[in-house]
Amino acid sequence: MIKFKEKNIQILLVIITVMVTILRFLLNENGRVSPDSIRYMKFAHVLPEIDNTITPLGYPLAIKIFTFLGTDEFWASKIVGIVAMLFIVFFSWKKNFYSRESTVLVALFSFVSIFAVTLSEGCILPFVLLFLYASDQIIKGNIKTRNAVLYLSLSLIALYTIRYSSLFFMGAVGLYGLLFYKRQYGRSFLISGIISGVYIVLYKLLFIDYFNEDYIKQSLEIGLYPTSQLLKELFEGLATTFNPFIHMSDPGGGMINYGIYGLGALNIIVMIFLFTRSKLTNSEFFFVFTSVFGIVCSFFIQYFYPVDAIGYRILAPFSFPLWLVYFRKLFQLFDVKVYVIGILSIMSGVLFTWLSKGNYLENRKEVVHFLQSEKLDKVPLQFYLKSMEDLDKMQVAELVSTVNSNLEVTFKASDTLKKTTLTYYKVSQKIKIDKNKYQ
């Protein structure tokens, strides 16, 4: 009877999660896109032409595949996010691999936000699950020798093809294999780490250098941020990442942030307590080891590579295994009561989404009418900005890109002389945008 009730809880929670994910981008003024989303959608639009090497091929290719259903790149990206979420749930159920934990995990509002946004983090999470499953089977001895190396190497290569930060997964696998070389599965991890490292070198030589031989020189810059700033951002990022209910803070500061950071910090302390109180299995230890390694590397790479501040989105691939192990420990202690966390997180997400709502569909109609009247809906566009920090103007560019994804941002004032170059003032005079009240 309990099993039957739990199955119903799981099904209901998944259905509600899908609905909230859809509402998350429909009740948003620009459909949950960002400056990076513009690059991804344009890349997908021009495939098989290679638009840039800043982003790996995997996510734009996934978007491109779903455009064959007759959708544009914006709607295809949303389908990718929802399919990714459903894959995690159904694969975990089918393989009986952290199935309860995965159901609660995808219901966390932070992960709902990830699946709703047009970014590669949502796309990579199913492949993180496949990577963890392959690792678990190898550690348990269900996959051995050549097959172990093959499956693990392929999973790492797939991860890297979606996000470059998967380099940290490769490093974790190689280091884990080195530390546990004497164990039967240790060599498989070490060899897989080496093979994936060779793949990175080949990828750099045959792909990145072919299209942009100066990529590394242009990207690396020592001393970008002071340590004091990075440590502050690390604490805030971890506290919001591991807050099960609220994954963002008030950028203006205030008392509310003490509660948000405090709850996240408390959850981290409970997590550490549970991991040290009860002995981790070999697979659980690998999951925790991989997550911590990825988080540490994500921090240190900021010293010489320009990335967004550490937060729930950047850390999603690395927090994913930690959440799985954490929820497993909670289920061992509290059984079905753990589903309450997912339910409360979804409720907080619905409340936030409603309070901060903007009407994407209405805004889209405005943009469609504007572009069609100007005969700019089918041609390559540019959008002029003085600076990426000009958020109001950037949001208009993001909104336009959801209708015509063949758009790129330009910072050259001379480009504004072209008919196909839009500016904030040119667009805002013609359309009325339903704004989010809680920017």
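An open sheet of 3 strands runs in the order β2-β1-β3 with parallel pairing, where two strands pair if DSSP finds at least two bridges between them. Strands (E, at least two residues) and helices (H or I, at least four) are DSSP runs numbered from the N terminus. This is a predicted model, in which local features need pLDDT of at least 70 and side-chain atom pairs count only at pLDDT 80 or more, while totals for chains, interfaces and linings use all residues. Residues are numbered from 1 along each chain as its sequence is written, and side-chain values use heavy atoms, leaving out hydrogens and water.

- Strand β1 (residues 381–384) is joined to β2 by 4 bridges, and the two run parallel.
- Phenylalanine 383 has valine 409 in β2 as its bridge partner.

**Aromatic pairs**
- The whole structure holds 45 aromatic pairs; rings of Phe, Tyr and Trp (its six-membered ring) pair if their centres lie within 6.5 Å, with planes under 30 degrees apart counted as stacked, over 60 as edge-to-face and the rest as tilted.
- Phenylalanine 25 and tryptophan 75 are edge-to-face, because their ring centres are 6.4 Å apart and their planes stand at 65 degrees.
- Phenylalanine 25 sits in helix α1 (residues 2–26) and tryptophan 75 in helix α4 (residues 73–95), so this pair ties together parts 50 residues apart in sequence.
- Phenylalanine 25 is buried at 4% relative accessible area, whereas tryptophan 75 is partly exposed at 25% (buried means under 20%, exposed over 50%, partly exposed in between, with a 1.4 Å probe and protein chains only).
- Phenylalanine 97 and phenylalanine 287 are also edge-to-face, with centres 6.3 Å apart and planes at 80 degrees.

**Salt bridges**
- There are 14 salt bridges in the structure, each a side-chain nitrogen of Lys or Arg within 4 Å of a carboxyl oxygen of Asp or Glu.
- Aspartate 72 and arginine 364 form one of them, with their closest N and O atoms 2.6 Å apart.
- This pair links distant parts of the chain: aspartate 72 is in the loop between α3 (58–67) and α4, and arginine 364 is in helix α17 (residues 360–373), 292 residues apart.
- Arginine 313 and aspartate 308 meet at 2.5 Å, N to O.
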